[in-house]
Amino acid sequence: MPTKKKPQVTAVRKPAAAARDRRRELLDTAAEVFADQGYNATTVRKIADHAGMLAGSLYYHFDSKESMLEEILRTFLDELWDGYDAVLDAPLDPRETLEALVTESFREIDRHRAAVAIYQKESKQLVAQERFAFLAESQRRFETAWLSTLERGVAAEVFRSDLDVRLTYRFVRDTVWVAASWYRPGGQHSPEEIARQYLSMVLDGIAVRT
């Protein structure tokens, strides 16, 4: 006796989930446009054009390009600090802490390359606006985390005693985050591999030891 076929069940995203996904897609598009063209040169119409929609439709999701930029940067920094705080709270020695912070930084570049590029280019201008005051607070936390790690390393004789910790901090900060200008997710090297190579150069140098 023939059996009835069971009806196929197609997974349907709930409206709220679909709206969140679409919002995320639009923010990703906006981040790429901001990073490529600059914040001041970017208009809502340009973002809408890249998203394949009318500018008026974009306002259904966001009230302004400022709102979009704020959400892009807050999302990036919230994730960055989740990772950094986990490293700083772990029972690691200074060298291990520095290595973990560098690795976490490259992972964030992998996750939020466009947001990092925006942060690099625009933060000095944006911090003057009350809406983006959270950038200055993040910068202070960032500096404290790195300087304290380097100072711990010098005190523990893990790092050289003649190390200028502030100069070293600036060097490490700038050479890590500038990677957002050339790094592309899904490339030949994973963020962990790039971090390993970077740390090898910073901590051990590039000259052959004799």
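Contact here means heavy atoms within 4.5 Å. Helices (H or I, at least four residues) are DSSP runs, numbered from the N terminus. This is a predicted model, in which local features need pLDDT of at least 70 and side-chain atom pairs count only at pLDDT 80 or more, while totals for chains, interfaces and linings use all residues. Residues are numbered from 1 along each chain as its sequence is written, and side-chain values use heavy atoms, with hydrogens and water left out.

Let's begin with helices H7 and H8. Phe-142, Glu-143, Trp-146, Leu-147, Leu-150, Glu-151 and Val-154 of H7 touch Val-165, Arg-166, Thr-168, Tyr-169, Val-172, Arg-173 and Trp-177 of H8. By class, this contact has nine nonpolar, one polar and four charged residues (Ala, Val, Leu, Ile, Met, Phe, Trp, Tyr, Cys and Pro count as nonpolar, Asp, Glu, Lys and Arg as charged, and the others, Gly among them, as polar).

How do two such helices get described? Two packed helices are described by the angle between their axes and the distance between the axes. Axes are lines fitted to C-alpha atoms, for helices over the stretch in contact, and angles run from 0 to 180 degrees between N-to-C directions. The axes of H7 (residues 134-155) and H8 (residues 165-177) come within 10 Å and cross at roughly 125°. H7 and H8 are therefore oblique to each other (under 35 degrees counts as roughly parallel, over 145 as roughly antiparallel, 65 to 115 as roughly perpendicular and the rest as oblique).

H7 also packs with H5 (residues 94-111), at an angle of about 150° and with the axes 8 Å apart. H5 and H7 are therefore roughly antiparallel. Pro-94, Thr-97, Leu-98, Leu-101, Val-102 and Ser-105 of H5 meet Trp-146, Thr-149, Leu-150, Arg-152 and Gly-153 of H7. These residues divide into six nonpolar, four polar and one charged.

Now for two single residues. Ser-123 sits in helix H6 (residues 113-126) and is buried, at 8% relative accessible area (buried means under 20%, exposed over 50%, partly exposed in between, with a 1.4 Å probe and protein chains only). Its side chain reaches the backbone oxygen of Tyr-119 at 2.9 Å. Leaving aside neighbours within four places in sequence, Ser-123 is in contact with Ile-118, Leu-135 and Gln-139.

Leu-69 belongs to helix H4 (residues 65-89) and counts as buried, at 0% relative accessibility. With neighbours within four places in sequence again set aside, Leu-69 is in contact with Phe-34, Tyr-39, Ile-118, Leu-126 and Phe-132.

How values were computed:
Helix = DSSP H or I, 4+ residues; strand = E, 2+ residues; numbered from the N terminus. Polar contact = N/O pair within 3.5 Å; in protein donor to acceptor, adjacent residues only side chain to side chain.
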